[in-house]
Amino acid sequence: MIFSSSALRCLAVMLAVGSILLGAKAPAAPQDEKPIQADDTVKVDAGTETVINGALKYLAAQQLPDGSWSGDKDVSTNKYPVAMTSYVMMAFMANGNLPNAGVYAKNVKNGMQFLLDNIQADGMFREKDPSHYMYSHGLATMVLSEIYGETQDPAIRTKLNHAVLLIVHGQNPEGGWRYQPGSKDADISVTVPQTVALCAAKRAGIAVPQATIDRAVAYIKKCEVGDTGGYCYMASKPGGPGFARTSAAIYALQITGLYDDPMVKQGSNYVMKTVGKATSPDFHTEWLAYGSYYAGVAHYLIGGDGWKNYYQVFGQGYILHHVTTNGELSHWDQSLDANSKGIGSNWCTAVFTTILSLPYGYLPLYQR
């Protein structure tokens with residue numbers, strides 16, 4: 001469902017009156033040295049750091065003149081520039097880069113400007129493929145929230161408020177979201193990025209109704225499949241559990257503050273049954289890049305042995321064994337994800353770089 005012109009006019013009014021800032025966040029920590037790691041038992045060794053640096057160089061070389069990154073192997077089509085730019089930006093930010101700090105500050109600044117330039121008056125980003133729009137919206141809002149929280153740049157605040165309010169007013173009666181704001185139905189894969197974006201914005205000092213987050217959490221919990229620990233795709237159409245959707249669910253629950261909820265532990269057990277097979281020659285799972293991004297952050301937040309096991313098995317046991325290195329550049333091929341549908345190597349490279357970089361502890365959103 002797409003907003004009608006009258007609905008958009010109403011939304012524009014709500015955006016204008018609803019752009020309210022809460023308190024400002026404390027200044028960010030200096031970027032000239034890495035912060036203390038959340039879990040000292042998991043560290044980035046020299047070999048992994050070399051791969052990370054090579055991947056960042058690769059991604060920097062892929063940035064387009066307008067500041068975006070392509071979401072297609074064929075750059076001329078580039079259907080998902082907002083989503084792909086958001087994924088790549090997180091990889092740079094996970095290594096301490098901000099628009100005003102870090103080796104890749106210019107890349108992050110240009111990517112940020114691309115996202116800001118593509119927010120329209122109604123709060124929607126100009127994404128070339130509108131069919132699955134809210135995926136992109138949630139990711140981009142999360143990234144801008146993280147940057148705003150770290151910089152308190154007033155140039156971001158107003159447009160970020162508009163993007164946040166579109167999410168708030170686009171929540172459906174079930175408490176979730178789907179492909180378009182205000183859709184009648186909802187699914188967990190779209191609901192999670194909206195939930196995380198709202199939490200990131202709230203932490204950064206943007207006004208977000210807690211009731212909106214609470215309703216989203218309730219929807220996510222409704223997707224749990226019996227006592228399996230796994231989650232289904234839609235609460236209104238219960239089905240079987242899956243790796244990617246379960247990873248997304250336990251990630252979102254923790255971001256909302258439910259770190260020690262029993263559902264997180266149960267979901268982790270479900271996810272690790274898949275991750276434990278990652279070193280097998282015939283390893284395959286649905287939506288590898290998408291699910292792995294969520295699984296990585298979820299287990300980083302879990303910490304302790306759960307995070308250590310995930311990083312050793314998937315990070316060092318799978319990611320490092322499938323990297324392609326050409327001189328100083330490193331990347332991961334799209335063929336690793338059977339569901340990538342020609343999306344190109346930027347996606348896998350951004351996701352796997354972010355996972356390997358999590359022990360650095362740079363991203364405030366991913367701190368308990």
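Colleague: At what angle do helix 9 and helix 10 pack, and how far apart are their axes?

Modeller: This is a predicted model, in which local features need pLDDT of at least 70 and side-chain atom pairs count only at pLDDT 80 or more, while totals for chains, interfaces and linings use all residues. Residues are numbered from 1 along each chain as its sequence is written, and side-chain values use heavy atoms, with hydrogens and water left out. Helices (H or I, at least four residues) and strands (E, at least two) are DSSP runs, numbered from the N terminus. Axes are lines fitted to C-alpha atoms, for helices over the stretch in contact, and angles run from 0 to 180 degrees between N-to-C directions. Here helix 9 (residues 243-255) and helix 10 (residues 262-275) pack at about 145 degrees, with axes 9 Å apart.

Colleague: Is the crossing of helix 9 and helix 10 left-handed or right-handed, and which residues meet?

Modeller: A crossing is left-handed if the near helix is turned anticlockwise from the far one by less than a right angle, and right-handed if clockwise. The crossing of these two helices is left-handed. Contact means heavy atoms within 4.5 Å. Among the residues that meet are Phe243, Ile250 and Leu253 in helix 9, and Met263, Gly267 and Val271 in helix 10. By class, the contact of helix 9 with helix 10 has eight nonpolar, six polar and no charged residues; Ala, Val, Leu, Ile, Met, Phe, Trp, Tyr, Cys and Pro count as nonpolar, Asp, Glu, Lys and Arg as charged, and the others, Gly among them, as polar.

Colleague: Which residue other than glycine has a positive phi, and what is its value?

Modeller: Most residues other than glycine have a negative phi. Gln152, however, has a phi near 55 degrees. Gln152 is in the loop between helix 5 (133-151) and helix 6 (154-170), and is partly exposed at 22% relative accessible area.

Colleague: Where is Tyr311 found, and is Tyr311 buried or exposed?

Modeller: Tyr311 is in helix 12 (residues 304-316) and counts as buried, at 2% relative accessibility. Leaving aside neighbours within four places in sequence, the contacts of Tyr311 include Val42, Thr48, Ile355 and Leu356. As for helix 13 (residues 345-357), 13 of its 13 residues are buried.

Colleague: Are Pro173 and Lys184 buried or exposed?

Modeller: Pro173 counts as exposed at 76% relative accessibility, and Lys184 at 73%. Pro173 is in the loop between helix 6 and helix 7, where Lys184 also lies. Not counting residues up to four places away in sequence, Lys184 touches Asn172 and Glu174.

Definitions and conventions
Buried < 20%, exposed > 50% of the residue type's maximum accessible area, 1.4 Å probe, protein only. Expected span 1.5 Å × (residues − 1).
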